[in-house]
Amino acid sequence: MRQFDIRNRLILLLLGITFFPPVFFVASCTGEHSKPYDRALVTTYAELTLLYEKEKMMSKLSDSLYQIKVKEFFVAKGYEQEKFKKVVEELSQHPEIWKMFIQDVSIAMDSLRTLDSTN
């Protein structure tokens with residue numbers, strides 16, 4: 001549980017540092033098992049969080065250089081940074097959906113770390 005708390009705080013810190021969005025994304029949960037986000041969003045968020053851990057926490061990269069890395073990350077993913085910010089902010093406004101999302105991100109981060117350690 002403590003590891004989840006640390007990740008959750010790190011993710012919220014990442015949001016605070018990286019994102020400042022007003023949001024117009026509309027999401028609804030039509031069933032118990034449906035999620036108003038896709039796997040690509042989870043993976044992108046997980047990768048961005050790992051980028052933050054690597055570059056800001058471990059390498060102590062300056063804010064301006066980190067922002068360049070983030071922009072490069074989004075260009076490489078072919079994902080619009082502003083759209084990403086809006087979607088994440090909207091998800092964060094719905095506690096149950098946000099909890100599911102963060103749990104999925106945590107699982108994705110673990111998988112990505114495992115893949116990274118085997119390469």
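Analyst: Buried residues make up 39% of the 119 residues in the chain. The model is predicted, so local features need pLDDT of at least 70 and side-chain atom pairs count only at pLDDT 80 or more, while totals for chains, interfaces and linings use all residues. Residues are numbered from 1 along each chain as its sequence is written, and side-chain values use heavy atoms, with hydrogens and water left out.

User: What makes a residue buried, and which residues of H4 are buried?

Analyst: Buried means under 20% relative accessible area, exposed over 50%, and partly exposed in between, with a 1.4 Å probe and protein chains only. In H4, the residues that fall under that limit are Gln81, Phe84, Lys85, Val87, Val88, Glu90 and Leu91.

User: Why is Lys60 called exposed?

Analyst: The relative accessible area of Lys60 is 63%, and exposed means over 50%; Lys60 is therefore exposed. Lys60 lies in the loop between H2 and helix H3 (63-77). Although not a glycine, Lys60 has a positive phi of about 55 degrees.

User: What is counted as a helix, and how many helices does the chain have?

Analyst: Helices (H or I, at least four residues) and strands (E, at least two) are DSSP runs, numbered from the N terminus. By that rule the chain has five helices and zero strands, in the pattern α-α-α-α-α along the sequence.

User: How do you know that the reach of H5 is close to the expected value?

Analyst: The expected span is 1.5 Å times one less than the number of residues. H5 has 24 residues, and its 35 Å from first C-alpha to last is close to the 34 Å expected. Helix H4 (residues 81-92), with 12 residues, reaches 16 Å, close to the 16 Å expected.

User: What makes the largest pocket a pocket, and what lines it?

Analyst: On a 1 Å grid over the protein atoms alone, a pocket is an open set of points with protein on both sides within 12 Å along at least five of seven lines; lining residues have an atom within 4 Å of a point. Those lining the largest pocket are Leu50, Glu53, Lys54, Met58, Leu112, Arg113, Leu115 and Asp116. Helix H2 (39-58) and helix H5 (95-118) each give two or more residues to this lining.

User: What is meant by contact, and what percentage of contacts with a separation of 6 or more joins residues 24 or more positions apart?

Analyst: Contact means heavy atoms within 4.5 Å. Residues 24 or more positions apart account for 78% of the contacts with a separation of 6 or more.

Terms used:
On a 1 Å grid over the protein atoms alone, a cavity is a set of points where a 1.4 Å probe fits but cannot get out, and a pocket is an open set with protein on both sides within 12 Å along at least five of seven lines; lining residues have an atom within 4 Å of a point.
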